[in-house]
Amino acid sequence: MKKTAVLVMVLLTVLYGAISVRAEEGQTKSWYCVRNKEHKQPIADADMRFVEQYDGIYVDHTHGDDSDDKVIYLTFDVGYENGNVERILDILREKDVKATFFILSNVIESNPDLICRMTDDGHDVGNHTCTHKDLTRVSDEELHRQITALEAQYASLTGKPMAKLFRPPEGKFNEHVMRQVQGLGYRTVFWSFAYADWDNARQPSATQAKEKILENLHNGAILLLHPTSATNAQILGDVINQITAMGYRFGRIGDIPAS
């Protein structure tokens, strides 16, 4: 009887431990990074650093604070076109800077020429899901569909494979989502800098926006900007010029080694 009781206790401990682990893996998190205004790389909160176990990135650690090679990565989340996305592309072409654009299905459907231009101009086009759903709240089947359907849609339009780079809608994720995304061959790309640029009805001034971006630069930074922002379209050329004058170059996310 004692052996049976002990065995039951062991099994219950294992069972509840497994349930606890699954619950932790399923806990929704919203990505953020505390900025360091001394131009040093930020460090993610301890409970979010597991993203790197699944090849997720939010900063280029190989180009740290002491590296002589200074590099910045430009990324844009594209939900729709309002004329400013094309303006952003014009500036990037003029400055000969490559970026990563994370797109949704409706952009492919409503502005196919814009997507083809991103591709033809040599930018990386990554996956932001079909419909911007919070993937922590959908089934595995729906998660896979949100990613693979967009991938197929992009390939059908451009004749080229989508970059295996993924950005979670609204920055929401958990360990289970990270594992599923990695299993699909994607690398999850977060950011070390973002600011409130997405609301077209409440745009910051050009001066405020430039100051905020330049104050928070650091080596290996992954910048998240929204190309629908009128302010971003207005300041991007000057921002690129000033970043270059500070000794930085612009890199490609795909060149960042796995951790």
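How many bridges join strand β8 (residues 193-194) to β9, and in which sense do the strands run? There are 2 bridges, and the strands run parallel. Two strands pair if DSSP finds at least two bridges between them.

Some ground rules. This is a predicted model, so local features need pLDDT of at least 70, side-chain atom pairs count only at pLDDT 80 or more, and totals for chains, interfaces and linings use all residues. Residues are numbered from 1 along each chain as its sequence is written, and side-chain values use heavy atoms, with hydrogens and water left out. Helices (H or I, at least four residues) and strands (E, at least two) are DSSP runs, numbered from the N terminus.

Is β9 enclosed or open? It is largely enclosed by the rest of the structure, because 5 of its 5 residues are buried. Buried means under 20% relative accessible area, exposed over 50%, and partly exposed in between, with a 1.4 Å probe and protein chains only. Both faces of β9 are covered. A221, L223 and L225 sit on one side, I222 and L224 on the other.

Next, the cavities. On a 1 Å grid over the protein atoms alone, a cavity is a set of points where a 1.4 Å probe fits but cannot get out; lining residues have an atom within 4 Å of a point. Grid points are joined across faces, edges and corners, and a volume is the space filled by probe spheres set on the points.

The structure holds 2 cavities of 30 Å³ or more. Helix α8 gives the most, with 4 residues.

Now the classes. Ala, Val, Leu, Ile, Met, Phe, Trp, Tyr, Cys and Pro count as nonpolar, Asp, Glu, Lys and Arg as charged, and the others, Gly among them, as polar. The largest cavity's lining has 7 nonpolar, 1 polar and no charged residues.

The second largest cavity has about 30 Å³ of space. Y73, L74, K98, A99, T100, D124, G251, R252 and I253 line it. By class, that is 4 nonpolar, 2 polar and 3 charged residues.

On to helix α5, residues 140-158. It has 19 residues and reaches 27 Å from its first C-alpha to its last, close to the 27 Å expected at 1.5 Å a residue. The expected span is 1.5 Å times one less than the number of residues. E142, L143, Q146, I147, L150, Y154 and T158 are buried in α5. The elements covering them include β3 (100-103), α3 (105-110), α4 (112-120), β4 (124-127), β5 (165-166) and α6 (175-183). Just after α5, G159 takes a positive phi of about 75°.

Last, the backbone. Most residues other than glycine have a negative phi. T129 has a phi near 80°, a positive value in a residue other than glycine. This residue lies in the loop between β4 and α5. T129 counts as buried because its relative accessibility is 0%. E170 also is not a glycine, and has a positive phi of about 60°. E170 is placed in the loop between β5 and β6 (172-173). Buried or exposed, at 51% relative accessibility? E170 counts as exposed.

Terms used: 1 Å grid on protein atoms, 1.4 Å probe; cavity = no way out; pocket = protein on both sides within 12 Å on 5 of 7 lines; lining within 4 Å. Contact = heavy atoms within 4.5 Å.
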